[in-house]
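Reader: I would like to learn how to read a structure model with care. Could you take me through some of its features one by one?

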Amino acid sequence: MDSCGWHEQRQVAMLDTAPLSSVSFDPFEEIVWIGNNNGRVASLVVQPDSLRRYTSFKAHSGPVSKLLVCDSGVVSLGTDSLRFTARSGIQKWKLSFDLGQQLLSMCFSNQYSSELIASTVSSQLRLINTARGAVVKQFEVDSEVKVIRRSRFICCGTVGGRAMLLDPRTYRTEHTLDAHTGALTDMDVNGNNLVTCGYSLRGGTLIVDPLVRVFDIRTMKSLPPIPFQNGPAILQFHPKLSSTILTGSQTGQFQICDIETPNSHIEFLQVHTDGYTSVADISSSGEMMAFGSSTGILHQWAEREAPKSNLYSRPFAVPFDPPPPSVHISEDSPLSMVGMPYYTSQLLSASWPVNMTFHVGQPLPKIPPEILANVKKSDFVGYAQNPKTFRRNQALSLLSTNYSQDEDVPRFRSEQSRYSSGGRLGGGTMGSLQRQRLRTSDSDDLVQGSESDSMSYGSHQAHSGAPHIIPKFYRKVEIKYSRFGVEDFDFGFYNETCYGGLETHIKNSYCNPMLQVLFFNPPLREAVKSHLRKNAFRACSCPKEFCLGCELAFLFQMLEDSKGMNCQASNFLRAFSTNTQASALGLFEPEDAKVTVSYSALIQSFNRFILEQLQQDLLGDVPPAPSEEPQQWLLDRDYTSATCPSMIQQIYGLCLQSTSTCQCASTVSREISPFVIDLIYPKKPSKPSNAPVAEVSPKLQGCTKRPQSLFCEILQSSLHREALTKAWCDNCGKYQSTTQSKHLKSLPNFINVNANATADEELAIWREDISVVPLRIALVLTGTGLTVVQLAKDSVEIPAEYEDVIQQATEIAIYDLHACVVEVLQANAPHLVAQIRVSKPVDELDDAAQRYQWYLFNDFLVQPLSESEVVQSRKWKVPAVLNYARIDMAEVFRPETLPTELDIDILFEEKPANRRSDLSIFSSPLRPDEVPTEPGLIVAIDAEFVALSNEETEIRSDGTRSVLRPSRLGLARVSVLRGDGECTPFIDDYIVTTEPVVDYLTEFSGIKAGDLDPTTSTHPLVPLKMAYRKLRLLVDLGCIFVGHGLKKDFRIINIMVPPEQVIDTVDIYWIKSRHRKLSLRFLAWVLLKQDIQGESHDSIEDAHTALLLYRKYQQWSGEGVFERVLESVYEEGRSYNFKVPSSVPAGLSLSYRRTPPIPDSGSRPASSGVTPVPEEEDVATQSWTKPSESRLRDGKKMSKGELREAKSSESLGVAYGEIPPNSPGNQSHALKGQRIAASNGEDAEEV
């Protein structure tokens, strides 16, 4: 074989541009067979000057993974079927396999091609007769077989990296060869030689093995491997040279070498493709090769000018084209006899390249999903009710296309300016027409609905027969990702209120509706927030690393500060995912998205769990026992309990008396305080009466005269219930039939109800198209009896029919519906939403009747609701959790009893989790006198992150890349510097990670492997909660944060900082009309003459640089020249492509770098120039340099080795910037090796 002889002859593009998945030369005829990912099989006739199309047919619904050619036809292998087809394209037989039995590979089991053997994903091999198309035998193997080849043995390559050799008669495993530690990707065998390629497991990660493993199947020993650095993915033995192998990679590099003498003669080939090389094959003659690419193009290579695929080929059948009919047209002939013209020569239009011609036509109009979701079938005909979203007989294909294809999803922020400045939507703000069209159909009905006109995709549909159609705002919302990440998603499209929503791309985000319900419960919100403050009954702050009470308090503070911005519950859900009790209760969403789960059952279990957990976490926030002094309760009631009720018991506790009475008349009573009541349904529920309301006296105005509603009956029986069960009796000494009863001792402040509807007859109650849930109820307690009464809206009078009960009442309380969590039964996407009654702000109160407004919280979608819609039941809306609150809650709520002082002690100390003697600590904690007493203290901040999960993307068939889920980042280091003249760090925390890190991003974060491991790290490590608490305290103290790119940093940290407390230099040094934001390194190089981020990032250095840039901005703004300086920076940036020149040596004097001069008043800004360093420069503008091996704690402690080297306390001050280097008397003191800049502007030097 001559390397100069191999050359590419031609390229052929398939009509279907899907990636090619298989290619095979026909050993009997001059034909090459190809298959693609769309399941299409085609054949090309090999001619001296071209590859002519022969046959083409759709064989499978998925990719064609393998083609085998025999004397009578071709066998194609799909994922779920196996098909035998004649060369003419006529199907002979087809075998289909069920789900879970997908096929992986196949080969003929004998030389006569009468049987073939195929492997499945269930670790089975199936023997199939090719004449009958039937499975004649199947047997189990040890592992899943991915590749099958035939020689003296049936050679099977497994996903575990092994090669199993099976006896071709008994199909038993005779030998096993360990080829690769990872997966095996390809394998071939010829004679006694077997070659494999695959992946190796290194450091817990699969990487492509750069060696082709060679085995001798006579001795079952390994031969010297063949190196192939490009990553082997395709292996093929030469059909004429038994020891010559073709090895190729997906990047198109191929080599041909002899395995017996791999280093003597190697030939290299390069297949130039637009995508990646997916398949390859060599003809039986050895004169031709075919390569398939991901772009659907077949590349034909040849060794000679007139190659043949076979040495001896039989002629192939040529289709017979009948001659055109001879039609004679006369004057009397009808026009219908005039046919289409018949051309004898090729038209010019036929000469277009195949890849530039496409079959086009009028696409069929898509049936709206509102109709498809409600289609009923009769035989083969489907019919559905008209949802009246389109006009009658309207052609859907002729509808206006001025809107995007998915009108429920907003455009990305990066695309909005394009559409608002003359795009398809014309002028105006982005998507104003789109937004208006989305909202007008639902929003008006959501807010303005009345008792007789409830919303269901337009009020006219609610009572016209289409209540089963889910409105847009109830449907599941998902975050779409662009190449700029989640920050490019327009959350404001879904929320125009002042209340924050919660994002959904986090695991276990089904908890979002319940978290919103808890947040809008003022007593609970304030009680949880007080958990972070100083408490006289707690010796120290909460020590638990994964305390759900602390994380919930952080989340509540975020929602309070959000002002309509979207928030994340990522920190809370992270702590929730580590809770072993939650795992044991099955409260986590399944890993497999295909597993169906009842979200209604999940949220009800979570409702009970979170309150029990808060009871434990907040138990130490109240006195342990009642004292002689009068107790200040959070909710000012007369509590009769023997012990002091906790704050959660005051809010949600149900004071129940549980009594067990045996047949022997012995009674055991105890007091319990559950937080949730599960509804217990009657066996045969009766529908609520629809009798009209009778006339009543003015005293009972607004009350109903009808009997108790079904809901009240169920709630009453659930609160006061009796049951007969077997229980142990101490008096009898055995199990006896015992009557167990529970009844209320006092009425609660909140009634937390789990709907607990699981059976069909129970669900049927909630799916009736009626108002089942009352807005207002009354509880009447009479000793051991209880009566639940339904009241009309805003009524406080009990109906006259309950007069006897009222006279015996010991306590009466009226409750309003406060919130409810409902499950939306959307097809293939069931989810939970919350409907919450929110008190209006004081400045929005217009009259007493409108003190509240209902809102729908569908994750990050927040919209107002009408009361009628809240209580209206639908077939697709099933309540899961209901919350009732006493109407006098505002009068008894005492928030002043809660602690208000911030617990700032954590800022004065450092408590690293890794207590080592060689810790390198570069921060000095705040002193008590440094804590600001008023808002406005400036601090500089920067954070570094590591990747906890990789980005999930998909490559479409057209080559475009779509982000399914961005990479998840976690906080790895955060540094906060004083903003005064010292500019020294007082927080420099590395974060202990409990999750596996997939990428340390060392180039951008400066974090290396082992820096976050408590056993090996020499940096001060703290839990994420401790670092978060410090930042949260700085926000609460009113500190103003200066940094570069803080918006993304705060989002990943998951902290909400008010905009007035953020100074971002990326926005300061930005001209909006230029659309380019400048990097911190470029700004430091141009304006500060500093070269930062050379090898990696350092958060202290970056924060200090941002602070210097802000001070420069203040200086130039005061002089009135900042705009001209910024213009000159952009002009300078264009000359360097906005990058720091790499040719500048690191040791070059910064004073000689090209920097834009500050233009004089009235002069044009210069584009470039040399600016000398001033003779005197403030210490704040000096570049901060991190000590190499030093330790400082409160300005005194350092590592033992460096303490010996320090000669005076002043040298410590110079090292950490506490004493200016140019102060009198301190110029002679410095740490050994410490690099500081000279005050006279000369080069930095070692002193």
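Reader: Which side chain has a polar atom 3.2 Å from the backbone nitrogen of leucine 241?

Author: A polar contact is a pair of N or O atoms within 3.5 Å; within protein, one must be able to donate a hydrogen and the other to accept it, and residues adjacent in sequence count only if both atoms are side-chain atoms. Here the side chain is that of histidine 238, with a polar atom 3.2 Å from the backbone nitrogen of leucine 241, and the backbone nitrogen of lysine 240 lies 3.0 Å from a polar atom of the histidine 238 side chain. This is a predicted model, in which local features need pLDDT of at least 70 and side-chain atom pairs count only at pLDDT 80 or more, while totals for chains, interfaces and linings use all residues. Residues are numbered from 1 along each chain as its sequence is written, and side-chain values use heavy atoms, with hydrogens and water left out.

Reader: Where is histidine 238 placed, and is histidine 238 buried or exposed?

Author: Helices (H or I, at least four residues) and strands (E, at least two) are DSSP runs, numbered from the N terminus. Histidine 238 sits in the loop between β23 (234-237) and β24 (244-248). Buried means under 20% relative accessible area, exposed over 50%, and partly exposed in between (1.4 Å probe, protein chains only); histidine 238, at 7%, is buried.

Reader: How many helices and strands are there in the chain, and what share of the residues is buried?

Author: The chain has 26 helices and 54 strands, and buried residues make up 50% of its 1247 residues.

Reader: Which residues of the largest nonpolar core touch the most other members?

Author: A nonpolar core is a set of buried Ala, Val, Leu, Ile, Met, Phe, Trp, Tyr and Cys residues joined through side-chain atoms within 4.5 Å. In the largest one, of 100 residues, Tyr510, Phe576 and Phe606 touch the most other members. Helix α8 (residues 548-562) gives this core its largest share, nine residues. A second, separate core holds 60 residues, including Leu747, Ala755, Ala813 and Val824.

Reader: What is phenylalanine 576 in contact with, leaving aside neighbours within four places in sequence?

Author: Contact means heavy atoms within 4.5 Å. On that basis, the partners of phenylalanine 576 include Tyr510, Leu548, Phe588, Phe606 and Phe609.

Reader: Why is helix α6 described as largely enclosed by the rest of the structure?

Author: Eight of the eight residues of helix α6 (residues 512-519) are buried, so the helix is largely enclosed by the rest of the structure. Among them are Asn512, Pro513, Gln516 and Phe519.

Reader: Which residues of helix α20 are buried, and what do they pack against?

Author: In helix α20 (residues 1046-1053), the buried residues are Leu1046, Asp1049, Phe1050, Arg1051 and Ile1053. They pack against several elements, including α9 (570-577), β45 (938-949) and α19 (1024-1036). Just after α20, asparagine 1054 takes a positive phi of about 70 degrees.
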